[in-house]
Amino acid sequence: MTERDRLGLRGLLPPRVMSFEQQYDRFIKSFRSLEHNTRGEPDTIVALAKWRILNRLHDRNETLYYRVLIDNIKDFAPIIYTPTVGLVCENYSGLFRRPRGMYFSAKDKGEMMSMIYNWPAEKVDMIVVTDGSRILGLGDLGVQGIGIPIGKLDVYVAAAGINPQKVLPIMLDVGTNNAKLLEDKLYLGLRQPRLEGEEYLSVVDEFMEAIHARWPKAVIQFEDFQMKWAFETLQRYRNRFCMFNDDVQGTAGVALAGLLGAVRAQGRPLTDFTKQKIVVVGAGSAGIGVLNMAKQAMLRMPGINRSGEGHNQFWVLDKDGLITKVRNGLDPAVARFARGFGPDEIRDLHEGASLVEVVKKVKPHVLLGLSGVGGIFNEEVLKAMKESDSPRPAIFAMSNPTSKAECTPEDVFKYVGENAIFASGSPFSNVTLGNGRKGYANQANNMYLFPGIGLGALLSGARHITDGMLQSAAECLASYITEDEIRRGIIFPSISSIRHITARVGAAVVRAAVDEDLAEGRCDVDARDLKSMTESDTVDYVARKMWYPIYSPLVNDK
């Protein structure tokens, strides 16, 4: 009541003062009522209704919103993040009620340095930016892609404890090539084709310089850029700013953790990772990112030629089939994984060979999907995986949202067998097998990794984010699972323990930044302090720095 008096609120609110816990219970009851009332409705209707009720809570009470999110992360992550975020982006122009974040467009050229000061927060620690050109597996969604940075930063707050007052979602609107959006009267973005070449890069350059001028210590995450710009911008900025690309590097780290987990689940030492036969379907930014990181991890294993020459454990397919050195016009990033000629090659496996043909002849230990083509791992492909050279073949259907997943866990355990290892990018329910055992539908979600990467880079004061820091994060995640869990087919942890996972991953990134002499420290903790910390000290340091939602008193009683 004292606060009401001091703030001039007496009489403007109902007389009852509700505690945080009572407000929390009131919202949960409202949410459960919504679930009950929407039973039997189409999944898309239910998903958007749940997103709306959470979004309204976010609008009116940010502290309560994040507390609800943290306490119920397993239930609410699929609503604020994949798969629902894809549905939100597709419908964003119609769902839009208020701006959340900033919009820099091609029309703002020459004005960005002054525009950046329109953001009201004096300090920003974490930025997620997209140009909307490749949203999940949904393609070019233009300005509607802003839903992705908003969802990602909600995860940063919930999982990594980044203060929500210090995060900034950003959309770079350089036009869209989506004809349907250009014809949509509700579309909120620029009605023009996408900029290309130097015109495009000049917009991104100006944006990056503006961000760095106001917040030089902010960590910048690039998200859902189409392949050519994902790699171009990563190479252009990674040594000048503290930035990373989640599709190229974050997804790769999660996939690497899963691949290492699959080796353990197959009862083999981790050094046998270099002998894994891996078929990868999808040669976009995510697929090539996974291949690059997996290759680097293999080269760190003992007994491997560090140049990597002559060691290719990957068979990569795109929409035209198996990629070989015969193909013309190969992107250099893809060319290094093209199959060639020689004694290590499989006879009669030709350029453009189909997925079924490749699986039948290679008999891979792992089938990894990053294609964005729903159902491409069909019955014939999965039955071919049953003949894998591994007694526990691993199938990773990592494309998002759920409609784009390459297969379902039910199909994997039905056609490949009960010993199969399954992981997906979007959440699926576990499968009850014939003998009463569970077939685990692991979620290979980059939510396990990117919050820790961002938090570790921030708290270390890293000048740049290196491949070594990212690999340390992936290896930390891979080691998180116990041997008993591995035997049961669990290769990724439960999202319910995400804050504990993030503290561990963040600490691994801090240690790697210190080892690479890139850590400058942050606030009252300098580089020497970080260097003197033990591994457990570093985990404690990271955990202590996580923001937690509580009501701060507006009036202090004497």
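**Questions about a predicted model**

Mentor: This model is predicted. Glu 223 is found in the loop between strand E4 (219–222) and helix H12 (227–237).

Trainee: Why does Glu 223 count as buried?

Mentor: Its relative accessibility is 2%. Buried means under 20%. So Glu 223 counts as buried.

Trainee: What is Glu 223 in contact with?

Mentor: Its contacts, leaving aside neighbours within four places in sequence, include Val 128, Thr 130, Lys 152 and Asp 247. Contact means heavy atoms within 4.5 Å.

Trainee: Where does Asp 247 lie, and which residues does Asp 247 touch?

Mentor: Asp 247 lies in helix H13 (residues 246–265). Among the residues it touches, not counting those up to four places away in sequence, are Arg 134, Glu 223, Asp 224 and Ser 285.

Trainee: Why does Asp 247 count as buried?

Mentor: The cut-off is under 20% relative accessible area. Asp 247 has 5% relative accessibility, so it counts as buried.

Trainee: Which residues does the UniProt annotation "binding site" cover?

Mentor: The unreviewed UniProt entry gives Glu 223, Asp 224 and Asp 247.
They span 25 residues in sequence, yet no two of their C-alpha atoms are more than 6.5 Å apart, so they gather at one spot.

Trainee: Which residues touch the most other members in the largest nonpolar core?

Mentor: Phe 273 and Phe 492, in a core of 171 residues. Phe 273 touches, among others, Leu 256, Ile 278, Ala 294 and Met 301, not counting residues up to four places away in sequence.

Key:
Residues are numbered from 1 along each chain as its sequence is written. This is a predicted model: local features need pLDDT of at least 70, side-chain atom pairs count only at pLDDT 80 or more; totals for chains, interfaces and linings use all residues. Side-chain values use heavy atoms; hydrogens and water are left out. A nonpolar core is a set of buried Ala, Val, Leu, Ile, Met, Phe, Trp, Tyr and Cys residues joined through side-chain atoms within 4.5 Å. Buried means under 20% relative accessible area, exposed over 50%, partly exposed in between (1.4 Å probe, protein chains only). UniProt positions are given in the numbering used here, feature names are shortened, and annotations may be inferred rather than shown by experiment. Helices (H or I, at least four residues) and strands (E, at least two) are DSSP runs, numbered from the N terminus.
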